[in-house]
Amino acid sequence: GTGSGRFEPDRPITREEAALVLCRWAQLQGRKIRSTEGAGHKDAADLSPWSEGALPWAVETGLLEPVAGGRLDPSGSLEQREVDALFQRMAAGVGG
């Protein structure tokens, strides 16, 4: 759901939401999760508390790339090309 009891399956997933799914999946696989909570990224203050540092972890491990200017862009939508690259990186063992 997206909060307030709403379910929006047709809404694009944000970078922050995708990173949290990836982070939890990696934890289930027994991978060690370490994050700097966004230190060094200009928009680290924009991270949502519920995301538990997942987006900085995904960027630091190379699963996701930062956007222009080294930003995390937590509320930005994940584009198809990013999803394709993400699955290729996961298949190659990137992310822990």
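The model is predicted. Its largest nonpolar core holds 18 residues. Helix 1, helix 2 and helix 3 each give two or more residues to that core. The buried residues of helix 3 pack against helix 1.

**Nonpolar core**

- Ala19, Leu55, Trp57, Ala58, Leu63, Leu64 and Leu86 touch the most other members of the largest core.
- The contributing helices span 15–28 (helix 1), 54–60 (helix 2) and 80–91 (helix 3).
- Helix 1 supplies the largest share of this core, with six residues.
- Leu63 is in contact with Trp57, Ala58, Leu86, Arg89, Met90, Val94 and Gly95, leaving aside neighbours within four places in sequence.

**Helix 3: length and faces**

- Helix 3 has 12 residues, which should span 16 Å at 1.5 Å a residue. The C-alpha atoms at its ends are 17 Å apart, so the model agrees with that expectation.
- Its buried residues are Glu82, Ala85, Leu86 and Met90.
- Viewed down the helix axis, these buried residues fall within an arc of 135 degrees, so they line one face of helix 3.
- An α-helix has 3.6 residues a turn, so residues three or four places apart point the same way.
- The face turned away from the buried side carries the exposed residues Gln80, Arg81, Phe87, Gln88 and Ala91.
- Just after helix 3, Gly93 takes a positive phi of about 90 degrees.

- Glu82 sits in helix 3.
- Its relative accessibility is 13%; because buried means under 20%, Glu82 counts as buried.
- The Glu82 side chain makes a polar contact with the side chain of Arg15, at 3.0 Å.
- A polar atom of the Glu82 side chain also lies 2.7 Å from the backbone nitrogen of Glu79.
- Not counting residues up to four places away in sequence, Glu82 touches Arg15 and Ser77.

- Gln29 lies in the loop between helix 1 and helix 2.
- With a relative accessible area of 48%, Gln29 is partly exposed.
- Gln29 and Glu16 are 13 residues apart in sequence. Their C-alpha atoms are 20 Å apart in space.

How values were computed. Residues are numbered from 1 along each chain as its sequence is written. This is a predicted model: local features need pLDDT of at least 70, side-chain atom pairs count only at pLDDT 80 or more; totals for chains, interfaces and linings use all residues. Side-chain values use heavy atoms; hydrogens and water are left out. A nonpolar core is a set of buried Ala, Val, Leu, Ile, Met, Phe, Trp, Tyr and Cys residues joined through side-chain atoms within 4.5 Å. Buried means under 20% relative accessible area, exposed over 50%, partly exposed in between (1.4 Å probe, protein chains only). Helices (H or I, at least four residues) and strands (E, at least two) are DSSP runs, numbered from the N terminus. Contact means heavy atoms within 4.5 Å. A polar contact is a pair of N or O atoms within 3.5 Å; within protein, one must be able to donate a hydrogen and the other to accept it, and residues adjacent in sequence count only if both atoms are side-chain atoms. The expected span of a helix is 1.5 Å times one less than its number of residues. The arc is that of the directions from the helix axis to the C-beta atoms.
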